[in-house]
Amino acid sequence: LELEGDLRVAVAEGQFLLHYQPLIDLASGQLLGSEALLRWQHPQRGLVPPIEFITVLEEMGLIAEVGRWVMQRACCVTARWSHEHGRALKVAVNVSPLQFAQGEAFVETVRAVLAETGLPPQQLQLELTEGLLMSQSEQSLALMHQLRALGVSLAIDDFGTGYSSLAYLRSFPVDTLKIDRSFIRDLGPRPEHITLVYAIVQLGHNLGMKVTAEGIETAEQRSQLADLRCDTGQGYFLGRPVPEEVYARLLASGE
Ligand code: G
Ligand code: G
Ligand code: MN
Ligand code: NA
C-alpha cells in the first residue's frame with residue numbers, strides 16, 4: 001500500500017531511470033548495442049530493481065505510461081549515441097503483456113516514439129514474453145505483423161521457460177530468440193545442456209531467426225556459445241547493466 005502510494009509519486013515526479021546492458025556479437029566480440037532495464041530511484045530506499053515493482057505497476061494500470069517512458073528514453077539516448085559514434089547501435093526494450101494487450105494503441109505508441117526520437121526503426125527491438133506464443137491468438141499475430149511493418153524487430157524473451165508451442169513459433173514473425181539464462185548457467189558442467197542449447201540455436205536458425213544467449217557469466221560459457229554458433233550474448237561476463245553515463249563511457253572507449 002505504501003508501495004502503491006510511492007509509485008504514484010514516482011510516476012508523477014519521474015523517479016525512474018534506465019540501466020543499459022551490453023549486447024555482444026559472439027563471433028567478433030563487437031558491441032552491437034544494449035538492453036534497457038528499468039530502475040526506480042526511491043528517495044529513501046535507493047535504487048529499487050524491477051521485480052519489486054513491475055507487477056505492482058501492472059496492477060495499478062500504470063505500466064503503459066511507464067513503458068512508454070522507457071521506450072522514449074531508450075530510443076532517444078540510443079539515437080544520440082548512434083549519431084555521436086557514427087554507427088547504428090541497437091536497443092532492446094522489455095514489453096509488458098499488458099502493453100501488448102493495448103493492441104492498436106501500443107502500435108501507435110511505438111510509431112510516435114520512433115518519430116519523436118528519430119531512431120531508425122531497425123535499431124529498436126521489442127522483447128515480448130513467451131506467454132504470447134501460448135495464447136496462439138490471431139490478434140497477437142496481427143499485432144506482431146503491424147509492429148514488424150513499422151520496421152522494428154521482435155524478440156521472444158526468456159525463451160524455453162514457458163510453454164511455447166513449437167508449432168506456433170513457426171507462424172510468429174519473430175526475429176530473435178533470447179535463450180533464458182537458466183540454460184546458460186548449467187552449460188559448463190552439464191553436457192546435456194549443451195545439447196539443449198544447440199537444439200534451440202538450430203531451431204532458431206532454421207526458422208530464420210537470430211539467437212541471443214542471456215546470462216553469460218564465464219569465459220567458458222562464452223566460447224561454448226560461440227562454438228554452438230549462437231549469434232549474440234549478454235551477461236555479467238560481457239557487461240553488467242550500467243547507468244547511462246557509464247554505458248556512454250563504454251561506447252567512447254571503443255569497447
Ligand atoms: O534488470 P533486472 O534483471 O533486475 O530485471 C528483472 C526483470 O524485470 C526482467 O524480467 C526484465 O525483463 C524486467 N524488466 C526490466 N525492465 C523492464 C521494463 O522496462 N519493462 C518491463 N515490462 N519489464 C522490465
Ligand atoms: O527477463 P530479462 O531477460 O529481461 O531479464 C534481464 C535481467 O537479467 C536483468 O535484471 C539483468 O540484471 C539480469 N542479468 C543480466 N545478465 C545476467 C547474468 O549474467 N547473470 C544473472 N544472474 N542475471 C543477469
Ligand atoms: Mn529482457
Ligand atoms: Na530474459
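What you see is a predicted model, in which local features need pLDDT of at least 70, side-chain atom pairs count only at pLDDT 80 or more, and totals for chains, interfaces and linings use all residues. Residues are numbered from 1 along each chain as its sequence is written, while chains are lettered from A and ligands numbered from 1 in the order in which they are written.

Let me begin with helix α1, which covers residues 2–13; helices here are DSSP runs of H or I with at least four residues, strands are runs of E with at least two, and both are numbered from the N terminus. The 12 residues of α1 reach 16 Å from first C-alpha to last, close to the 16 Å expected at 1.5 Å a residue, where the expected span is 1.5 Å times one less than the number of residues. Gly14 follows α1 with a positive phi, near 70°.

Helix α3 has 23 residues and spans 32 Å between its first and last C-alpha, close to the expected 33 Å. Just after α3 comes Gly86, with a positive phi of about 65°.

How do α3 and α5 pack, and at what angle? Helix α3 (residues 63–85) meets helix α5 (residues 104–117) at about 30°, with the axes 9 Å apart. Axes are lines fitted to C-alpha atoms, for helices over the stretch in contact, and angles run from 0 to 180 degrees between N-to-C directions. That angle makes α3 roughly parallel to α5, a term for angles under 35 degrees.

I turn now to the ligands. Around ligand 1 stand Leu37, Leu38, Pro49, Pro50, Ile51, Ile54, Gly67, Val70, Asn94, Ser96 and Pro241, a residue being near if its C-beta atom, placed from the backbone, lies within 6 Å. Strand β2 (31–42) and helix α3 each supply at least two residues of this shell.

Ligand 2 has 14 residues around it, of which Gly215, Glu217, Gly235, Tyr236 and Pro241 come nearest.

How values were computed:
Angles under 35 degrees count as roughly parallel, over 145 as roughly antiparallel, 65 to 115 as roughly perpendicular and the rest as oblique.
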